[in-house]
Every structure is written in structure tokens, then in C-alpha cells.
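Please read the following note beside the model. The points go from the whole chain to single residues.

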Amino acid sequence: MSIWWSLRLRRDAASVPLARRLLLGTMETAGVDPDICYDLSVALSEACANAVEHGGDAARGDCSEAYRVTAYLDGEKCRIEVADAGPGFPVVAAGRPRPAARPAPSDAEHGRGLCLIQELADHVHIGNKPGRGGAVVSFDKILKWREGAPLVAV
């Protein structure tokens, strides 16, 4: 079984629950375990919130620029990618992106999203789009299925 979808969303806070509901609906319909659905939906929400907050090109004064969410449920794995058109992550020597996920204080209201994604997913890649502006956050998780799931992988 393989399902994928891609959305181009406006950088607006209202787009975050839209992406989350679409992902949850897809996984629930396919028969993915509810705990996995929850983990991935929280991780997606964090990635989308980052794209909404940081993903515009302030130099052009463009605050309505879109970002893209792509989700793949393929076999036993789900991969999600969120890409924006902002300045990307700071780059350090040799053109490598600076490690972006540092633990924030437990009472912080900002700065915990990338750490949450790393805790909820099995594999995370945080980087910049090659040759173009923008950040890309992608993450994978091995799927578990409900008993009797209608679209379980074979």
C-alpha cells in the first residue's frame, strides 16, 4: 500500500490544523495505530508552525508566501517533508547547516519544535534547499497498524 499527497499552503496559522487534519484522516482511514497517528500529527504541526513563523522572505517583504507539505505512507513507513521559502537555517563552516535542534528550557513557549520532532520521529533531516532559499524538515516513522486495518501494507 502506498499513499502520498502534497499541499501548497499559505503561511498562515490556519494552515497548520488543516495539514494536521489531512494527515490524521489519511492515517486513520488507512488503519495506522492511533499512537503513531498522534506522534506524527504533533511533529507535522511543529514543522508547519515553524514554516509559518520563519518561512517567509523578509528581505522582499513577502509575508504571504506559501510552504509545501508532502506526506508518503509507503509500506511500513511514513515520511513527511515540510519545505518553505524563508532564509533557511544558519550555515556554519564548509557550507553545512548549523545543528538546529537544541533543547529549550521546559517553560519556554518557543524553540522546542525541532526537538519535539526529533523525539517523535525515528529519523529526522533538518537542512536547507540546495541552490534556493528555504528550509526543509523531513522525518520518518515506522508505522504500526490497527488490527484489521483496511489498507495494511503487505
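1. Of the contacts in the protein with a separation of 6 or more, 66% are made by residues 24 or more positions apart; contact means heavy atoms within 4.5 Å. The model is predicted: local features need pLDDT of at least 70, side-chain atom pairs count only at pLDDT 80 or more, and totals for chains, interfaces and linings use all residues. Residues are numbered from 1 along each chain as its sequence is written, and side-chain values use heavy atoms, with hydrogens and water left out.

2. The protein has 3 helices and 5 strands, in the order β-α-α-β-β-α-β-β from the N terminus on. Helices (H or I, at least four residues) and strands (E, at least two) are DSSP runs, numbered from the N terminus.

3. Of the 154 residues, 42% count as buried. Buried means under 20% relative accessible area, exposed over 50%, and partly exposed in between, with a 1.4 Å probe and protein chains only. The protein exposes about 8800 Å², and carbon and sulfur atoms supply 52% of this area. Accessible areas come from the Shrake-Rupley method with a 1.4 Å probe; for residues, only the protein chains shown count as cover.

4. Helix 2 (residues 34–54) has 21 residues and should span 30 Å at 1.5 Å a residue; its end C-alpha atoms are 30 Å apart, which agrees. The expected span is 1.5 Å times one less than the number of residues. At the start of helix 2, a side-chain oxygen of Asp-33 reaches to within 3.0 Å of the backbone nitrogen of Asp-35.

5. Which residues of helix 2 are buried? They are Ile-36, Cys-37, Leu-40, Ser-41, Val-42, Ala-43, Leu-44, Ser-45, Ala-47, Cys-48, Ala-51 and Val-52. Their cover includes helix 1 (15–30), strand 2, strand 3 (77–83), helix 3 (113–120) and strand 5 (135–142).

6. Pro-17 lies in helix 1 and counts as partly exposed because its relative accessibility is 33%. The C-alpha atoms of Pro-17 and Cys-48 are separated by 9.1 Å, although these residues are 31 residues apart along the chain.

7. Thr-70 belongs to strand 2 (residues 66–74). Is Thr-70 buried or exposed? Thr-70 counts as buried, because its relative accessibility is 7%. Leaving aside residues up to four places away in sequence, Thr-70 touches Trp-5, Ser-6, Arg-79, Ile-80 and Glu-81. The side chains of Thr-70 and Ser-6 are joined by a polar contact of 2.9 Å. A polar contact is a pair of N or O atoms within 3.5 Å; within protein, one must be able to donate a hydrogen and the other to accept it, and residues adjacent in sequence count only if both atoms are side-chain atoms.
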